[in-house]
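Let's take a walk through this one together. Have the viewer open, and we'll go stop by stop.

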Amino acid sequence: MRSTELHSVPAWHATVSSAGSDVPASTRGLRSLMSATTLTGSLTELAWVGAHALLYPLGTRTEQLRLEDRYRPGSQPAAVRALFAEDPLAAHIPVVLVHGLVDNRSVFTVMRRALKRRGFAQVCTWNYSPWQRDVESAAEALGRHIERICRETGHERVHVVGHSLGGLVARYLVQRLDGDRRVESLVTLGTPHAGTRWAHMLPTPLVRQLRPGSPLIRELDQPAPTCRTRVTAVYSDLDQMVVPSSAGRCDHPDLQARNVLVRGVGHMSLPIHKGVFDEVAATLAGRRTRADGPSSAAA
């Protein structure tokens, strides 16, 4: 699988200096930090973190599942009808949004509305405890929640969008717990598929699982030839939490994941970015395929 080339990677994501370059690494890093795209993304990130802090208390309560049966393709805007032209029934498949570490469903306040406006009739969120002890138990709980959604909606399969740790929880479910029976497609946003260096800063059991080369990461590297879930990994060159940024890619050979690079978007801003909305909507509607290979979405 080809590797998506990154340009203007922030200094904290650098792994090795460019061979033969006459420009010191520190200077190149400073230039990347001062680029218009990086500055805009950083300011957006700061603004959204502040707004999210205000919304956070509203997301602590678990969302009640509400069935939507009012979707009428003919009454939708032209853009929505075009999105589902090849498969109108795709709009009815439930979409489950899974938040990240020490967060809650409020991080999806904007994305949930954006997906509904793009024609998805069933978009719900799932909260798990900020004191979750490990990825495995969170994945088991997510599996039970998805079974409940399928039972109450009558659908056999769902889509899952996971932000940060939520993407790793969902990946563990589909890859190691037979969750691919229920999950049609999985889109991860800023998920540390290969771990993150920041995980060395905290000694808690869950955070230790996110260290590069941890037993959990090695377990997810094991063969998964029967996994049926389509996987798309959206990652950013400005992600402050997934370091290096390439760790946000899912390069498991059996999963054949699509890796989509967005530029100049911070970790917390991924669920509010329009380019990310469009990519998620097109993926869930079946307009993206594995044959597309790695691609790059402009910020």
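In which loop is glutamine 256 found? Glutamine 256 sits in the loop between E5 and E6. Keep in mind that this is a predicted model, so everything below is computed from predicted atoms. The phi of glutamine 256 is near 50 degrees, which is a positive value in a residue other than glycine. With a relative accessibility of 41%, glutamine 256 falls in the partly exposed class.

At 41% relative accessibility, methionine 241 is partly exposed. Together with Trp198, Met201 and Leu202, Met241 makes a nonpolar surface patch of about 440 Å².

Now step back into strand E5, where threonine 232 lies. Threonine 232 is buried, its relative accessible area being 4%. Its side chain makes a polar contact of 3.4 Å with the side chain of arginine 258. Leaving aside residues up to four places away in sequence, threonine 232 touches Leu186, Val187, Thr188, Arg258, Val260 and Thr283.

One of those contacts, Thr283, takes us to helix H9, where Thr283 is among the buried residues. In H9 (residues 274-284), 9 of the 11 residues are buried, so the helix is largely enclosed by the rest of the structure. The buried set includes Phe277, Glu279 and Leu284. Just after H9, glycine 286 adopts a positive phi of about 80 degrees.

Aspartate 178 isn't a glycine, yet its phi is positive, at about 65 degrees. Aspartate 178 is partly exposed, with a relative accessible area of 43%.

Finally, the cysteines. How many disulfides are there? The count comes to 0. Cysteine 124 is in no disulfide, and its nearest cysteine sulfur, on cysteine 150, is 9.8 Å away; a disulfide would need the two sulfur atoms within 2.5 Å. Cysteine 227 is in no disulfide either, with the nearest cysteine sulfur, that of cysteine 250, 9.3 Å away. As for burial, cysteine 124 has a relative accessible area of 6% and is buried, and cysteine 227, at 12%, counts as buried too.

Note on methods: Residues numbered from 1 in each chain as written. Predicted model: local features only at pLDDT ≥ 70, side-chain atom pairs only at ≥ 80, totals over all residues. Heavy atoms only, no water. Patch = residues over 30% accessible without salt bridge, like charges linked within 9 Å, V, L, I, M, F, W, Y side chains within 5 Å. Areas by Shrake-Rupley, 256 points an atom, 1.4 Å probe, with all protein chains shown as cover. Salt bridge = Lys/Arg side-chain N within 4 Å of Asp/Glu carboxyl O. Buried < 20%, exposed > 50% of the residue type's maximum accessible area, 1.4 Å probe, protein only. Helix = DSSP H or I, 4+ residues; strand = E, 2+ residues; numbered from the N terminus. Polar contact = N/O pair within 3.5 Å; in protein donor to acceptor, adjacent residues only side chain to side chain. Contact = heavy atoms within 4.5 Å.
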